[in-house]
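Subject: Structure handover

Hello,

Here is the structure for you to look through. Please open it first, then read my notes below.

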Amino acid sequence: MAAYEIAGRQRAYSSILWNALEYLGLFVIVLMHEFGHALACRQVGGIANQIVLVLGRSMSAAGMAQTTPDVFLLVRSIAYINVGLLIFNLLPVYPLDGGQILRSLLWFALGRARSLMAAVVIGFLGVAGLGLLAIRSQSLWLGIVAAYILTYCLRGWKQAQALLRFSKLPRNGGYYCPSCNASPPLGEFWRCSNCQKAFDTFQSQAHCPNCSTQFPTTACLDCGRSYPISQWTASPIAPRPA
């Protein structure tokens with residue numbers, strides 16, 4: 001991908017070194033984007049009053065477009081890449097961030113399985129649109145992106161079907177997750193970390209019937225959080241969609 005990106009814009013600069021720097025700029029943008037996800041998760045109580053991006057305008061005002069055209073073109077290209085990635089990533093197409101946001105919003109009305117299925121269907125439509133655009137513009141890059149999204153959509157479709165089957169399993173109505181309020185399924189869906197045997201932790205009161213290992217907490221198969229089994233006996237607050 002690096003070779004394709006660098007060679008594709010080889011004529012834009014006076015030296016291929018600037019093309020390599022432009023590609024590194026793209027890499028830094030993506031890296032910063034992922035750091036943003038992590039920081040947003042850890043620092044939801046933080047303060048951000050303003051974001052100032054004036055580097056490109058300052059360079060233009062200083063006449064660098066004429067004095068150092070390669071540097072000016074590099075900064076301008078990275079700025080365009082940044083804006084383009086922002087717009088593209090916010091498209092409501094799974095698994096892009098916009099598609100993940102759409103799935104999160106649909107989760108409240110449709111539940112975990114059906115919200116993922118709806119997001120994946122829209123993702124398939126996005127793949128079809130990108131594929132047609134790639135053919136029309138003869139863009140290898142768009143074709144690769146379409147193939148990437150298609151791979152994740154197929155994986156998401158299988159996951160949604162598995163979640164839908166899981167939601168229809170018989171449930172143990174005597175227990176409810178303290179976090180998501182879901183009843184655990186009946187069956188051997190928990191695996192002992194000691195002997196690797198599957199068992200129903202609620203039928204055996206959180207100990208493995210094969211090796212007698214006792215587990216201090218029991219994981220919810222719906223939300224993934226773990227609590228002592230004694231906290232699972234409370235009555236449900238309100239029903240939630242499957």
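Contact here means heavy atoms within 4.5 Å. This is a predicted model, where local features need pLDDT of at least 70, side-chain atom pairs count only at pLDDT 80 or more, and totals for chains, interfaces and linings use all residues. Residues are numbered from 1 along each chain as its sequence is written, and side-chain values use heavy atoms, with hydrogens and water left out.

Start with G99. G99 sits in helix α6, residues 97–110 (helices are DSSP runs of H or I with at least four residues, numbered from the N terminus). Is G99 buried or exposed? G99 is buried, at 1% relative accessibility (buried is under 20% relative accessible area, exposed over 50%, partly exposed in between, with a 1.4 Å probe and protein chains only). Setting aside neighbours within four places in sequence, G99 touches L91, P92, V93, Y94 and A119. Its C-alpha atom lies 8.6 Å from that of N89, 10 residues away along the chain.

Next, the helix pairs. Two packed helices are described by the angle between their axes and the distance between the axes. Axes are lines fitted to C-alpha atoms, for helices over the stretch in contact, and angles run from 0 to 180 degrees between N-to-C directions.

α6 and α7 pack at about 140 degrees, with axes 8 Å apart. The two are therefore oblique to each other (under 35 degrees is roughly parallel, over 145 roughly antiparallel, 65 to 115 roughly perpendicular, the rest oblique). From α6, residues including G99, L102 and W107 meet α7 residues including R112, A119 and I122. By class, this contact of α6 with α7 has eight nonpolar, two polar and three charged residues (Ala, Val, Leu, Ile, Met, Phe, Trp, Tyr, Cys and Pro are nonpolar; Asp, Glu, Lys and Arg are charged; the others, Gly among them, are polar).

The axes of α7 (residues 112–137) and α8 (residues 140–167) come within 8 Å and cross at roughly 160 degrees. That makes α7 roughly antiparallel to α8. Their contact has 22 nonpolar, seven polar and two charged residues. L142 is in α8. Beyond neighbours within four places in sequence, L142 contacts L130, L133, A134 and S137.

Last, the cysteines. How many disulfides does a search of the whole structure find? It finds zero (a disulfide is a pair of cysteine sulfur atoms within 2.5 Å). For C208, the nearest cysteine sulfur is that of C195, 3.5 Å away. C208 is buried, with a relative accessible area of 0%. C153 is buried, also with 0%.

Best wishes
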